[in-house]
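Here is a friendly walk through one protein model, meant for someone opening it for the first time. Have a look at the sequence and the 3D view, then read on.

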Amino acid sequence: GNEPTYMKINKAWVSESLEKCCSRFYSGWNYSKCMNLQGSGLWYVSHLNGKCVTDCVEGNGPTCGGLANPTSDTLYSNPK
């Protein structure tokens, strides 16, 4: 309902569900990010803090470092 005009005109951009959209247009760690706007729960390096943190809203858990930047932060399944 809130898609931009170009998506309304060309229905190739529109999917029946969030899951189908994320599967089609985002793969790998991007899929988790697409499905969960509150963060993927995966790990990334916070260069500002000098440590590994999880991709989740800061303050929502002891390891949450804020939402990862989808273009510059590489996400990992564990902090090692």
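Predicted model: local features only at pLDDT ≥ 70, side-chain atom pairs only at ≥ 80, totals over all residues.

Residues are numbered from 1 along each chain as its sequence is written, and side-chain values use heavy atoms, with hydrogens and water left out.

Ser 46 sits in strand 1 (residues 43–46). Helices (H or I, at least four residues) and strands (E, at least two) are DSSP runs, numbered from the N terminus. With a relative accessible area of 8%, Ser 46 is buried; buried means under 20%, exposed over 50%, and partly exposed in between, using a 1.4 Å probe and protein chains only. Leaving aside residues up to four places away in sequence, Ser 46 touches Lys 51 and Val 53, where contact means heavy atoms within 4.5 Å.

Ser 40 is found in the loop between helix 3 and strand 1. Ser 40 is buried too, at a relative accessible area of 18%. What does the side chain of Ser 40 join in a polar contact of 2.8 Å? The partner is the side chain of Asp 55. A polar atom of the Ser 40 side chain also lies 3.1 Å from the backbone nitrogen of Leu 42. Not counting residues up to four places away in sequence, Ser 40 touches Ser 32, Lys 33, Asp 55 and Leu 75.

**The cysteines**

How many disulfides does a search of the whole structure find? There are 2, a disulfide being a pair of cysteine sulfur atoms within 2.5 Å. Counting bonded cysteines along the chain, the pattern is 1-2, 3-4. The table puts the two links side by side.

| Disulfide | S to S | Torsion about the S-S bond |
|---|---|---|
| Cys 22 and Cys 34 | 1.9 Å | -75° |
| Cys 56 and Cys 64 | 1.9 Å | about -105° |

The link of Cys 22 and Cys 34 is left-handed. Cys 22 belongs to helix 2 (residues 18–25) and Cys 34 to helix 3 (residues 29–35), so this pair ties together parts that are 12 residues apart in sequence. Cys 22 is buried at a relative accessible area of 0%, and Cys 34 counts as buried at 15%.

The link of Cys 56 and Cys 64 is left-handed as well, as its torsion shows. Both Cys 56 and Cys 64 are buried.

Cys 21, on the other hand, is in no disulfide; the nearest cysteine sulfur, that of Cys 34, is 5.3 Å away. Cys 21 counts as partly exposed, at 22% relative accessibility. Cys 52 is partly exposed, with a relative accessible area of 33%.

**On the surface**

Tyr 6, Trp 13, Val 14, Phe 25 and Tyr 26 make a nonpolar surface patch of about 480 Å². Patches are made of residues with over 30% relative accessible area and no salt bridge: like charges are joined within 9 Å, nonpolar side chains (Val, Leu, Ile, Met, Phe, Trp, Tyr) within 5 Å. Areas come from the Shrake-Rupley method with a 1.4 Å probe, and for residues only the protein chains shown count as cover.

The structure holds 1 salt bridge, meaning a side-chain nitrogen of Lys or Arg within 4 Å of a carboxyl oxygen of Asp or Glu. Glu 16 forms it with Lys 20, their closest N and O atoms being 2.9 Å apart. Glu 16 is exposed at 72% relative accessible area, whereas Lys 20 is partly exposed at 46%.

Finally, Lys 11 lies in the loop between helix 1 and helix 2 and counts as exposed at 53% relative accessibility. The side chain of Lys 11 reaches the backbone oxygen of Lys 8 at 3.4 Å.

Key: Polar contact = N/O pair within 3.5 Å; in protein donor to acceptor, adjacent residues only side chain to side chain.
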